[in-house]
Amino acid sequence: MTSSSKIRCTKFFFILFNFVFWLTGLALLVIGIWSRISLIKYMKLSTSIDYNMAPYIMIGCGSFIILVGFLGCWASLKEHPWALVLYMIILVLLFIAELSAGIAGYVLRNKLKTGLENGIRDAIEKYGNDTKGDIKKAVDDVQSKAFHCCGADSYKDWLKYGVVPDSCCKDTKNCKTKASSELYSEGCVSSMQKFFKNKFAIIGGTALGIAFFQILGVICAYCLARFIREVRSYEKF
């Protein structure tokens, strides 16, 4: 195979890689926006880890990956070796950052149960004195809309504060006595922990998959830059 054929072949695979890479960035961007809209209001109940920045980090990484994908396509079409080298450096840095984030997420997931337990108990304690209504809304949404649970471990967590809220009821229209049979039996800590562990596993797996996928991009960019230099050296000769 001639050097020109190698360039065309490598360029095809490189542009194909960048298209898929661009899609992964778009997926990360969508996941970040979805996390910011759907999950952050529940994650605020966890006290041990600050999750407020996590969606913005995913949105930023997704947007950056999209821009890097365009850089890779431009560099290959224009056949600029220096731009391909810059592209490789950025991918290596992204790989290190994503791998570090994945490892950190795996380590921090063990703090999730403690954080949720402390956060929900604290919210239950402040529920009756919440003048702004933010805590009430968050707790009620968690119990009645999102997870169908009651209290931290069970409805008994509410008894020490005198009243079990309507959001603990399976059917608010037929929940007059608030007997145990009328209330959600599962505590919110275990319910939320299972939910978020599954979601974090998906998000973490996706991020690590994208990180290792970038190695293929580095290899393609290296080969393309080398072939371009070979052709230009031959033409000069």
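Where is the place of valine 20? Valine 20 sits in helix H1, residues 3-43. Helices here are DSSP runs of H or I with at least four residues, numbered from the N terminus. The model is predicted: local features need pLDDT of at least 70, side-chain atom pairs count only at pLDDT 80 or more, and totals for chains, interfaces and linings use all residues. Residues are numbered from 1 along each chain as its sequence is written, and side-chain values use heavy atoms, with hydrogens and water left out.

Valine 20 has a relative accessible area of 33%, so it is partly exposed. The classes are buried under 20%, exposed over 50%, and partly exposed in between, with a 1.4 Å probe and protein chains only. Valine 20 belongs to a nonpolar surface patch that also includes Phe12, Phe13 and Leu16. Together the patch residues have about 720 Å² of accessible area. Such a patch joins nonpolar side chains (Val, Leu, Ile, Met, Phe, Trp, Tyr) within 5 Å, each residue having over 30% relative accessible area and no salt bridge.

Next come the rings. The structure holds five aromatic pairs. Rings of Phe, Tyr and Trp (its six-membered ring) pair if their centres lie within 6.5 Å; planes under 30 degrees apart are stacked, over 60 edge-to-face, and the rest tilted. Tryptophan 74 and tryptophan 82 have ring centres 6.1 Å apart and planes at 70°, so this pair is edge-to-face. Tryptophan 74 is partly exposed at 37%; tryptophan 82 is exposed at 53%. Phenylalanine 147 and phenylalanine 195 are also edge-to-face, at 5.2 Å and 80°. This pair links distant parts of the chain, 48 residues apart: phenylalanine 147 is in the loop between H5 and H6, phenylalanine 195 in helix H7. Phenylalanine 147 is buried because its relative accessible area is 10%. Phenylalanine 195, at 26%, is partly exposed.

Now the charges. A search of the whole structure finds eight salt bridges, each a side-chain nitrogen of Lys or Arg within 4 Å of a carboxyl oxygen of Asp or Glu. Aspartate 153 meets arginine 121 at 2.3 Å, N to O. Lysine 178 pairs with aspartate 166 at 2.9 Å. Both lie in the loop between H6 and H7, so the bridge ties together parts twelve residues apart in sequence. Glutamate 186 bridges to lysine 194 at 3.0 Å.

Terms used. Patches are made of residues with over 30% relative accessible area and no salt bridge: like charges are joined within 9 Å, nonpolar side chains (Val, Leu, Ile, Met, Phe, Trp, Tyr) within 5 Å. Accessible areas come from the Shrake-Rupley method with a 1.4 Å probe; for residues, only the protein chains shown count as cover. Helices (H or I, at least four residues) and strands (E, at least two) are DSSP runs, numbered from the N terminus.
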